[in-house]
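Here are my notes for you, point by point. Have the structure open while you read, and find each residue as it comes up.

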Amino acid sequence: MVADKPVPDFTVENDIYKGQKRPYSDTCKSIGELIWKRIDSFSDKDAQIDARTEELVTYKELQRKITKCAIWLQEQEIKPDDIISVCTHNQINAFVPCLAASYINAIFNPWDENMNLQTALRVMQMTMPKVIFCNEKSVSVVLQAVREKNYKPKVVVFGNHPDAVSFARILSSYSDAQAARFRYVENDNIRKTSCILHSSGTTGIPKAIELSNYSMLSLNEESKINMNETVPLWFSSIYWVSGILLNLKAISQGAKVIVYPKFDEEMTCILIEKYKVTWLFTGTSMTNRFLKAGYVKNYSLSTLKIIFCSGAILKPESQKELKRLLPHVDILQAYGMTELGGMATCQMPHHKLGSCGSVVPNMQIKIVDPESGKTLGSNEMGELWAKSENIMTGYYRNPEATKSTIDKEGWLHSGDLCYIDENGEVFVVDRLKELIKYRGYQISPAEIEDLLLTHPAVLEIAVVAVPHSTDDEHPIAYVTKKHGATVTEQELIDYVANNMMDHFKLRAGVVFLDSFPYTGSGKIAKKELRALAKKLAIE
């Protein structure tokens, strides 16, 4: 559970906010070693329940699955530092190959199950995995990419496919006695790469991000998220750093995880009520949809204690309304990045609505003028920079991209427009790359989105730029309407014009959508919307 600590646990020196130093304290030198030892200590305790089928997996059974998969990987001559990719949705076996790879000091590399052929070819070329585990949705794309590249990794499927190895067959190929004789491979260097994740790609082409065993182990000790004596639920797949860290945290603390493949507003309420969920993690878009759908009023959610949110900006109005509907629940948000390995700041119950809280232990942050590079003071807006021993080793096989993100002094440039108030609380305003330029003005899409979300007919909103030959860019709003609501394009254009300054006007108009495209973590896929908007360019 997230503890309420009203006394600041950070210091400020020269406008640099420094979280408390809490060195990694465990003796384990790899994720594999940690999980091996923790799982064995939980034995017959329940580890997972598949909410679709009611299949229950104990920690003893989970250990057997991981060790059998690890034995198979060794028989495929997978060596330490070889890469194993996993391309699947949330399901009870999704994390098994990742941990099996960790048991033999291989590197696990989750992929997006929704990727197209072009992306599959790119990520395969980037990491060159020796084995690729797929679900039935992604296996055809992966096999097509393998054929086009004339590359020959082993392809394993969760389910069935004639041209792939069955994961179920792998598990059935080894006896429990064989699994009991297996032992994890010791790691001699805690700084070795543990996993390679991919950036979300919401502002460009995804990059491969290396995180070391030290980074993952240190982040797993983060006290702001504690799953002891909780019943957790989340929808982040293992493609996202949140999915990886939440799985690690749950297993290392012996939690019983409710597994469900996809976020749905009403189903979330059903799952909370049925399984007496106490701790819920959602992306920001999920949180807003959960709030606006209105199902919260129809279910008993009395067991829920915390909704933990991350991914984008959760506005104070949304936090306030959720708190009104669920007065017994702490609605908290954090700020983080895959490149940071997780959180940089975390909100506590005493923090202001809309803030992302203050800097977490072992992290340093500051606000910098993106033009001059000058460190700014409190309540001055600029780019957030962060520094920690836990941040990524770098972008895999991409030193130039690494240099452009992490400077010589070790500061990671987030690309996020933020400010830190007089109490050390971080407020995220927008992505620097998403700022719309109009005749010299810089327009924050989030400001227009915030206004439009107050319109009674608007369910979700995303504002992006349409290129313009003389004005640089014009804002366009993509909108989904609430069920049964009616509103015209002109009404929303006028709503912005009557409530905001001239340069914020929706000069490129409004487009109504039946539904938004989403990334795997539940964010609105603005990259896809920008591609649509680019086709509307005014020459």
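1. Let's start with strand β22 (residues 412–420), which is mostly covered: seven of its nine residues are buried. Buried here means under 20% relative accessible area, with exposed being over 50% and partly exposed in between (1.4 Å probe, protein chains only). Strands (E, at least two residues) and helices (H or I, at least four) are DSSP runs, numbered from the N terminus.

2. A quick word on what you're looking at: this is a predicted model, where local features need pLDDT of at least 70 and side-chain atom pairs count only at pLDDT 80 or more, while totals for chains, interfaces and linings use all residues. Residues are numbered from 1 along each chain as its sequence is written, and side-chain values use heavy atoms, leaving out hydrogens and water.

3. Which strands does β22 pair with? One is β20 (residues 382–387), antiparallel to β22 over four bridges; another is β23 (residues 426–431), also antiparallel, over five bridges. Two strands count as paired if DSSP finds at least two bridges between them. On the β23 side, Tyr419 faces Phe427.

4. Now look at the turn. β22 and β23 make a hairpin with five residues between them, and Gly424 in that turn has a positive phi of about 85°.

5. Zoom out and you'll find six strands in an open, antiparallel sheet, in the order β1-β2-β19-β20-β22-β23. Neighbouring strands are turned by 35° against each other on average, direction ignored; the axes are lines fitted to C-alpha atoms. One handy rule while you trace a strand: in a regular strand, side chains alternate between the two faces of the sheet.

6. Next, the inside. The largest nonpolar core has 98 residues, and Leu62, Leu73, Tyr103, Phe133, Phe308 and Ile365 have the most contacts within it. Such a core is a set of buried Ala, Val, Leu, Ile, Met, Phe, Trp, Tyr and Cys residues joined through side-chain atoms within 4.5 Å. Helix α2 (residues 59–75) gives the most to this core, with eight residues. Domain 1 (31–49 + 59–221) and domain 2 (344–433) each supply at least three residues.

7. Take Leu62 as an example: apart from neighbours within four places in sequence, Leu62 is in contact (heavy atoms within 4.5 Å) with Ile39, Ala47, Gln48, Val57, Val96 and Ile251. There's also a second, separate core of 26 residues, which includes Phe263, Phe290, Val296 and Leu322.

8. The domain assignment, which is automatic or from a database, also gives a domain 3 (438–537). The C-alpha centres of domain 1 and domain 3 lie 39 Å apart. An unreviewed UniProt entry lists residues 447–523 as "domain: AMP-binding enzyme C-terminal", though such annotations may be inferred rather than shown by experiment. That span is 22% helix and 31% strand, and its end C-alpha atoms lie 18 Å apart.

9. Finally, two loop residues. Beyond residues up to four places away in sequence, His503 touches Tyr438, Tyr441 and Ile443. Gly294, in the loop between α11 (284–293) and β15 (306–310), counts as partly exposed at 25%.

How values were computed:
Axes fitted to C-alpha atoms, helices over the stretch in contact; angles between N-to-C directions.
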